[in-house]
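Here are some exercises to work through with the structure open beside you. Try each task before reading its solution.

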Amino acid sequence: MSWLNTKVPPLVVLGLVALAMIVLAPGFPRLEAAPLVRGIIALAMFVGGVAMVVTAIRTFRRAKTTANPIRLDAASALVTHGIFAYSRNPMYAGMALFLIALAVALASPAALVGVAIFVGYITQFQIRPEEAMLREKFGEAYARYCAAVRRWV
């Protein structure tokens, strides 16, 4: 299924998974938790996810390289500082955090399956092709970066 490599924009994958979580969650048991507490936790996680994505995009822009995950050939710099010193994929990690926040807001442990599907799909069809291109383009510098920084968190 390599024909899927970098073809579906990650935001589309995120939207489809979130929609599936929202539609399917009511069919599964819910957690009994105080709505206010659940809402605060979900909001904090959502804000954290958005902050990760925005910080990563700003870091790419400061480095004068692309943040577009579909245009891998446009990468002009290997970004290893800022939030990228903690995660090689902070935008995808932020999106996953958003989905976890959604599962919390839905009070649905079953919705966490959506997070696993998102992480699996993005790893296979987005991250691995990105890594192959970056390895080819930046060589040993990228290999050292991979050895020092985890893929997700």
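**Exercise 1: The cavity lining**

Task: in this predicted model, find which residues lie nearest the centre of the largest cavity.

Solution. Step one: list the lining, which comes to 25 residues. Step two: look for those nearest the centre, and you will find Phe60, Phe84, Arg88, Glu130 and Leu134. Step three: sort the lining by class, which gives 17 nonpolar, four polar and four charged residues.

**Exercise 2: Cavity count, volume and helices**

Task: work out how many cavities of 30 Å³ or more the structure holds, and which helix supplies the largest share of the lining of the largest cavity.

Solution. The largest cavity has a volume of about 380 Å³. Then turn to the helices: α3 and α4 each supply at least two lining residues, and α4 provides the largest share, with seven.

**Exercise 3: The nonpolar core**

Task: identify which residues have the most contacts inside the largest nonpolar core.

Solution. First, take the core as a whole, with its 35 residues. Those with the most contacts inside it are Met21, Phe84, Leu99, Phe118, Ile122 and Trp152. Next, assign helices: α1 (10-24), α2 (35-62), α3 (90-106) and α4 (112-148) each give the core at least two residues. The biggest contribution is from α3, with nine residues. Finally, follow Leu99: leaving out residues up to four places away in sequence, Leu99 touches Leu14, Val17, Ala18, Met21, Gly114, Val115 and Phe118.

Methods. Residues are numbered from 1 along each chain as its sequence is written. This is a predicted model: local features need pLDDT of at least 70, side-chain atom pairs count only at pLDDT 80 or more; totals for chains, interfaces and linings use all residues. Side-chain values use heavy atoms; hydrogens and water are left out. A nonpolar core is a set of buried Ala, Val, Leu, Ile, Met, Phe, Trp, Tyr and Cys residues joined through side-chain atoms within 4.5 Å. Buried means under 20% relative accessible area, exposed over 50%, partly exposed in between (1.4 Å probe, protein chains only). Helices (H or I, at least four residues) and strands (E, at least two) are DSSP runs, numbered from the N terminus. Contact means heavy atoms within 4.5 Å. On a 1 Å grid over the protein atoms alone, a cavity is a set of points where a 1.4 Å probe fits but cannot get out, and a pocket is an open set with protein on both sides within 12 Å along at least five of seven lines; lining residues have an atom within 4 Å of a point. Grid points are joined across faces, edges and corners, and a volume is the space filled by probe spheres set on the points. Ala, Val, Leu, Ile, Met, Phe, Trp, Tyr, Cys and Pro count as nonpolar, Asp, Glu, Lys and Arg as charged, and the others, Gly among them, as polar.
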